[in-house]
Amino acid sequence: MTGAFETVRLTPAIGAEVHGLDLADGLDDATADALYDALLEHHVLVLRGGPLAPDQMEALGASFGPLAPAHHTYPSLDGHPSITVLDTGPDQPPDNAEWHTDLSFRPDRPFLSILQPSVLPPTGGDTLFASLSAVHDSLLPGLRADLAGLSAVHDMGSFRNHTFAEGGVELMNERLAEVGASVHPIVDHHPVTGQPFIHVNESFTTHVIGMAVPEGRRILTYLFDTIARPQFQVRVRWEPDVVVLWDNRGTQHYAADDYLPHRRVMHRLIVTADRRQTA
Ligand SMILES: O=C(O)CCC(=O)C(=O)O
């Protein structure tokens, strides 16, 4: 795929549709650069031209940076460890109807995620994205100043449910040790644009450093409630040919779990580092 494309903003806070790009042809360098710039501006890009074959999905990811290894809990597509399969339905109830930033419990926050559907329910199963820089900018200056000195712990959160179901407390403790926790500033900054954003999420952020649990929880709950307000969001309605890219550095997402008893299968790929980012 080459050449110019058009972006159409979806909401004031976040998201744009990309028109005039045929993803199946692959990205030349100039187009990948332009798509990257659009991503930095809009945080979430909704493209057409899918579903991409696994090799095409990996090639699209690789044009932005290195691909993440297999996920610690979810299965991968056969022969493609970096493509995570999110398969939910009556037998495997959805677990991602929670606002989260992918893998925020890792010390190196992942850069980019790419998601496309493989099986869609007849209706429902939309994905919502929130702009954490819009959330930051909406806070009163005094509150922002108070938050600026604070950091919070992120760990694997409700992945405990999977590990406990699979192997009880032993496996849960093993995975907690293997996956670890990380500490991020509550007011973080996008490493390329410098934009400040609120870096806590209800799936993985568990504790405010230096505070008693109840005190920290009140702050976190206030921020989670703010992130859940619709004016900071865009809602993506999936169709079979839609492919979505988002920048994890300053966004969160939530997969609406309103489609049972139908099945929904999504393929996700994470790009760990941004190869266009300088230092
Ligand atoms: O399935 C979705 O819509 C979102 C997937 C998700 O939550 C994730 O990639 O972490």
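Strand 6 and strand 16 (residues 264–271) pair antiparallel over 7 bridges. Strands here are DSSP E runs of at least two residues, helices are H or I runs of at least four, and both are numbered from the N terminus. Two strands pair if DSSP finds at least two bridges between them. Leu115 has Arg268 of strand 16 as its bridge partner. Strand 6 is also joined to strand 14 (residues 243–247), by 4 bridges, and these two run antiparallel. There, Ser113 stands opposite Trp246. Buried means 20 or more other C-beta atoms within 10 Å of the residue's own; exposed means 12 or fewer; partly exposed lies in between; C-beta atoms are placed from the backbone.

The model is predicted: local features need pLDDT of at least 70, side-chain atom pairs count only at pLDDT 80 or more, and totals for chains, interfaces and linings use all residues. Residues are numbered from 1 along each chain as its sequence is written.

Next, the ligand. Which residues are around the ligand? They are Leu86, Asn96, Asp102, Ser113, Leu115, Thr127, His253, Ala255, Met266 and Arg268. A residue is near a molecule if its C-beta atom, placed from the backbone, lies within 6 Å of it. Strand 6, strand 15 and strand 16 each give two or more residues to this shell. By class, the shell has 4 nonpolar, 4 polar and 2 charged residues. Here Ala, Val, Leu, Ile, Met, Phe, Trp, Tyr, Cys and Pro count as nonpolar, Asp, Glu, Lys and Arg as charged, and the others, Gly among them, as polar.

Strand 7 (residues 127–131) and strand 15 share 5 bridges in the antiparallel sense. Leu128 stands opposite Tyr254 of strand 15.

Another open sheet of 3 strands has the order 9-8-12, again with antiparallel pairing. Strand 9 (182–185) and strand 12 (205–208) stand at its edges; each has a single partner strand, so one side of each lacks a neighbour in the sheet. Strand 8 (residues 151–154) is joined to strand 9 by 4 bridges, running antiparallel. Ser151 stands opposite Pro185 in strand 9.

| Cis peptide bond | Omega |
|---|---|
| Gly50 and Pro51 | about -5° |
| Leu260 and Pro261 | about 10° |

Pro51 sits in the loop between strand 3 (44–47) and helix 2 (54–62). Pro261 is in the loop between strand 15 and strand 16. His262 is in the loop between strand 15 and strand 16. His262 is partly exposed, because 16 other C-beta atoms lie within 10 Å. Leaving aside neighbours within four places in sequence, His262 is in contact (C-beta atoms, placed from the backbone, within 7 Å) with Gly89, Pro121 and Pro122. His262 and Thr123 are 139 residues apart in sequence and 9.1 Å apart in space, C-alpha to C-alpha.

Positive phi values close the report. His43, a residue other than glycine, has phi near 75°. His43 lies in the loop between helix 1 (29–42) and strand 3. His43 counts as buried because it has 28 C-beta neighbours inside 10 Å. Leu103 has phi near 55°. Leu103 lies in the loop between strand 5 (80–88) and strand 6. Leu103 is buried, with 21 other C-beta atoms within 10 Å.

Definitions and conventions: Two residues are in contact if their C-beta atoms, placed from the backbone, lie within 7 Å.
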